[in-house]
Amino acid sequence: MSLTRLVREGSGEELLVLLHGLGSNEGDLFGLASEIPSRFTVVSLRAPRDYGFGGYAWFEIGFDADGMTIDTAQAQESVELVCSELSALREEFAPTRVTLAGFSQGAMISAGVLSAEPNLVDSTWLMSGAWLPCFDVADLSGKQVLVQHGVQDQVVPHRMGEHLAGILTEQLANVKFLSYQMAHEVSHESLNDARAFLLGSE
């Protein structure tokens, strides 16, 4: 099963793969492509599960008094799908570097992909995400990771971003954790920091 995608071809040999959040689609983060250096080929993938009203999900998720509940089987299946897609993209574009980026649910899946198949990803950009305990841990030595989170995030609380950064650091990734005065979103400041990360993670 291949995932629906949008592609902006770049002038260089680096690849940036984007995973959107819950209830969104491949067109959402693809809007960032105009802000990404032209040397990057940008690929935005659509999650496999219909969420209604033109939106899609990587897995079913809910929140209750005990916190976040997820369908772990669906999450693991989505990780496998993205790993398969990354393998295909590596063959298709033969990039010198691959950066996987995700927002919210997409960041959760991106972290899972990094830990499941670290050889598929050179660097990872995680926006407003969290670590899912159903994922395996791995040796992430040498992997560059940017974790960004808003301190006013009421969807995925800031402490979950801190925990995500901590887990990846324990796996020996080179993690940069940045907090922002924002909610569950991407800001001009966070995007500027992400561009610097992309250009510096060579």
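**Ground rules.** The model is predicted, so I take local features only at pLDDT of at least 70 and side-chain atom pairs only at pLDDT 80 or more, while totals for chains, interfaces and linings use all residues. Residues are numbered from 1 along each chain as its sequence is written, and side-chain values use heavy atoms, with hydrogens and water left out.

**Helix α5.** I looked up α5, residues 188-200. The expected span is 1.5 Å times one less than the number of residues. For the 13 residues of α5 that gives 18 Å, and the end C-alpha atoms are 18 Å apart, which agrees.

Which residues of α5 are buried? I found S190, L191, A194, F197 and L198. They sit on the same side of α5, because their arc around the axis is only 115° (taken from the directions from the helix axis to the C-beta atoms). H188 and G200, on the other side, are exposed. Buried means under 20% relative accessible area, exposed over 50%, and partly exposed in between, with a 1.4 Å probe and protein chains only. The cover over the buried residues includes strands β2, β3, β8, β9, β10 and β11.

**Aromatics.** My search of the whole structure gave one aromatic pair. (Rings of Phe, Tyr and Trp, the last by its six-membered ring, pair with centres within 6.5 Å; planes under 30 degrees apart are stacked, over 60 edge-to-face, the rest tilted.) W131 is buried at 9%, and F135 is buried at 9%.

**Salt bridges.** How many did the whole-structure search find? Seven, counting a side-chain nitrogen of Lys or Arg within 4 Å of a carboxyl oxygen of Asp or Glu.

- E26 and R46 meet at 2.9 Å, N to O. E26 is in helix α1 and R46 in the loop between β3 and β4, so the pair ties together parts 20 residues apart in sequence.
- R195 and E35 meet at 3.2 Å, N to O. R195 is in α5 and E35 in the loop between α1 and β3, so this pair ties together parts 160 residues apart in sequence.

**E85.** This residue lies in helix α2 and is buried at 4% relative accessible area. Leaving aside neighbours within four places in sequence, E85 is in contact (heavy atoms within 4.5 Å) with S2, L3, R5 and L45.

Methods:
Helix = DSSP H or I, 4+ residues; strand = E, 2+ residues; numbered from the N terminus.
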